[in-house]
Amino acid sequence: MRRRSLVRLASLSAALIVALCAAAWAASTVWKVTHAESNSATYVSSYRWQEDAAWFGGLSGIDLSDDGQRFAAITDRAHMVKGEITRTDGVITGVRMTEDVRLRDADGAPIADKVEDSEGLALTGGDRYFVSFESPHRVLEYRGAQGRQLETPRDFKQFYINSSLEALAYRDDDGLIVISESAPRDPETSRVWRWSAPSGWQALGAYPEGDGFLPVGADFGPDGALYVLERKFITIGFRSRLRRFDLSDQGLSGGEVLLNTPLAMHDNLEGVSVWRAASGTLRATMISDDNFFWVQRTELVEYDLPDRP
């Protein structure tokens, strides 16, 4: 009886997966007919990345070198990995890890499991980088393995657990930018913040979200624009958008949509890095968070982006 029940359960699960895939395919087909004009990005390649390591998975932040060949990424369980990307004719053909470490807290000890929810990564050059966390809401500045926690504004308490400091970006001229994934409890609380060493945190106001998409990753491109990766979850999969903003002391402006994917075209894209290929074309490299769930996958996805006119 037990074996028969297991077979029935497996059959139902398989049927459900087939039905969900069919629904995703149908939704994607409709999208391609009705929304294709909202894309100016050009798809380059996707690469499924797999490693035989217990910590591997949940990759939620990424930053690439200027030439796109080296990278650093973090998992949402406070693990950082560095490596190299191999491309053939511009298409990713391999990923090689060169280093992986457990992040340490400001006291020098490995970050405890209950406060390990790391989401955003921003390299600054040399051995200095920033990591944002959303449980609790905070940002750490690292120099090598040594970290220090930046002073946390009282307003950060208005953010929701597991839905806050996802998008992180750094540029010398603009400082460190962090964007909350969801709107805070108090609508008057700023959702976009800037930090710099001389002046600390500065509130830059609201984030112009729309159509159910939420910001989950960010990077300054070599053109100085701020690129924000957005995600929308719909029962059977994810959609992704990539937008280009200008940044000033008054906050974000612009927000041109460059990429707008159909449902389930990619997995749960959460991290983005924008760089310039040898051809001179702007390129966005994105990474997916598989949530340590077997039906999802870790993938690197790349698109070429149009320069501004």
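Predicted model: local features only at pLDDT ≥ 70, side-chain atom pairs only at ≥ 80, totals over all residues.

**Exercise 1. Find which residues Gly255 contacts beyond its neighbours within four places in sequence.**

Leaving aside neighbours within four places in sequence, Gly255 is in contact with Arg243, Arg244 and Phe245. Then look at its surroundings: buried means under 20% relative accessible area, and Gly255 counts as buried because its relative accessibility is 10%. Finally, pick out Leu226, which is 29 residues from Gly255 in sequence and 9.2 Å from it in space, C-alpha to C-alpha.

**Exercise 2. Decide whether Thr75 is buried or exposed, and list what it touches.**

First, locate Thr75 in strand β3, which covers residues 70-75. Its relative accessibility is 0%, so Thr75 counts as buried. Now list the contacts, not counting residues up to four places away in sequence: Thr75 touches Trp55, Gly57, Gly58, Leu59, Ser60 and Ser118.

**Exercise 3. Describe the largest pocket and its lining.**

Begin with the volume: the largest pocket holds about 730 Å³ of space. There are 36 lining residues, and those closest to the pocket centre are Asp63, Leu64, Asp66, Leu123 and Gly125. Several elements give two or more residues to this lining, among them β2 (59-64), β3, β6 (118-125) and β18 (269-276). Sorting the lining by class gives 18 nonpolar, eight polar and 10 charged residues.

**Exercise 4. Work out which parts of the chain the salt bridge between Glu181 and Arg231 links.**

The side chains of Glu181 and Arg231 meet at 2.7 Å, N to O. Glu181 sits in the loop between β11 (175-180) and β12 (192-196), while Arg231 is in strand β15 (residues 226-234), so the pair links distant parts of the chain, 50 residues apart. Both ends can then be checked for burial: Glu181 is buried at 6% relative accessible area, and Arg231 is buried at 13%.

**Exercise 5. Trace the network that includes Asp304.**

Start from the salt bridge of Asp304 with Arg283, whose closest N and O atoms are 2.8 Å apart. Asp304 lies in strand β20 (residues 299-305) and Arg283 in strand β19 (residues 282-288), so the pair ties together parts 21 residues apart in sequence. Asp304 and Arg283 are both buried. Now follow the shared partners: salt bridges join Arg87, Arg283, Glu302 and Asp304 into one network.

Technical notes
Residues numbered from 1 in each chain as written. Heavy atoms only, no water. Helix = DSSP H or I, 4+ residues; strand = E, 2+ residues; numbered from the N terminus. Buried < 20%, exposed > 50% of the residue type's maximum accessible area, 1.4 Å probe, protein only. Contact = heavy atoms within 4.5 Å. 1 Å grid on protein atoms, 1.4 Å probe; cavity = no way out; pocket = protein on both sides within 12 Å on 5 of 7 lines; lining within 4 Å. Points joined across faces, edges and corners; volume = space filled by probe spheres on them. Nonpolar A, V, L, I, M, F, W, Y, C, P; charged D, E, K, R; others polar. Salt bridge = Lys/Arg side-chain N within 4 Å of Asp/Glu carboxyl O.
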